[in-house]
Amino acid sequence: MKRNPPHTSFSQKRTPLMIITIMLSYLLVSCTSPRESIYEGLFSSAFEVSVFYPCGLSTPEAFVGESGYVETGYWLVSTPDSGFNEELQDLHSLRGDTGQLSVYVKVVGTLSPTKDHGYGHLGMYSNEITVSEVLDMKPWDSKQCQLER
């Protein structure tokens, strides 16, 4: 006598597929979403300037390359609760005659993906760092980190 296979409901068949779909969606989002990292380097602020130069990656002499973007440094913004602007204000007295303020920073933040229209003043920066926490901020001293030339 032939036995019929046990009956499997539609929802029982769908459950593994749903779990796989959810797991793949999570992996896709986690691989494409910017992750917070620690960034350390020189931050310069002036009229229409808010630029961050990571230690060992760029020079403070920003230049516009063939891409039309400033090819060194990242535009820097901060979240309201990061404390970045308050700490920067405490160092405001260091602003020189040119109105520029340069400080050493160590921050937690996310680096944006490159976009076609750029970031910052006139969209000149290919990337942007969004600061969520300040770990350290003090007057700039070139001994704090090396900037390649």
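**View 1. Two helices and five strands make up the secondary structure of the protein chain.** From the N terminus on, the elements run α-β-β-β-α-β-β. Helices here are DSSP runs of H or I with at least four residues, strands are runs of E with at least two, and both are numbered from the N terminus. This is a predicted model, where local features need pLDDT of at least 70 and side-chain atom pairs count only at pLDDT 80 or more, while totals for chains, interfaces and linings use all residues. Residues are numbered from 1 along each chain as its sequence is written, and side-chain values use heavy atoms, with hydrogens and water left out.

**View 2. The five strands form a closed barrel.** From one strand to the next, the twist averages 55 degrees (axes are lines fitted to C-alpha atoms, and angles run from 0 to 180 degrees between N-to-C directions). Two strands pair if DSSP finds at least two bridges between them. As a reminder, strands of a sheet pair through backbone hydrogen bonds, either parallel or antiparallel.

**View 3. Strand β3 pairs with β2 and with β5.** Between β2 (residues 49-54) and β3 (residues 74-78), the pairing is antiparallel and spans two bridges. Here valine 51 has tryptophan 75 as its bridge partner, and phenylalanine 52 stands opposite tyrosine 74. Between β3 and β5 (residues 128-139), the pairing is parallel and spans four bridges. Look for tryptophan 75 again, now opposite glutamate 128 in β5.

**View 4. Asparagine 127 sits in the loop between β4 (101-111) and β5.** Asparagine 127 counts as buried because its relative accessibility is 10%; buried means under 20% relative accessible area, exposed over 50%, and partly exposed in between, with a 1.4 Å probe and protein chains only. Its side chain makes a polar contact of 2.9 Å with the side chain of serine 126. Such a contact is a pair of N or O atoms within 3.5 Å, one able to donate a hydrogen and the other to accept it within protein, and residues adjacent in sequence count only if both atoms are side-chain atoms. Leaving aside residues up to four places away in sequence, asparagine 127 touches Tyr74, Trp75, Leu111, Ser112, Pro113, Thr114 and Tyr119, where contact means heavy atoms within 4.5 Å.

**View 5. Of the 149 residues of the protein chain, 32% count as buried.** Among the contacts with a separation of 6 or more, 65% come from residues 24 or more positions apart.
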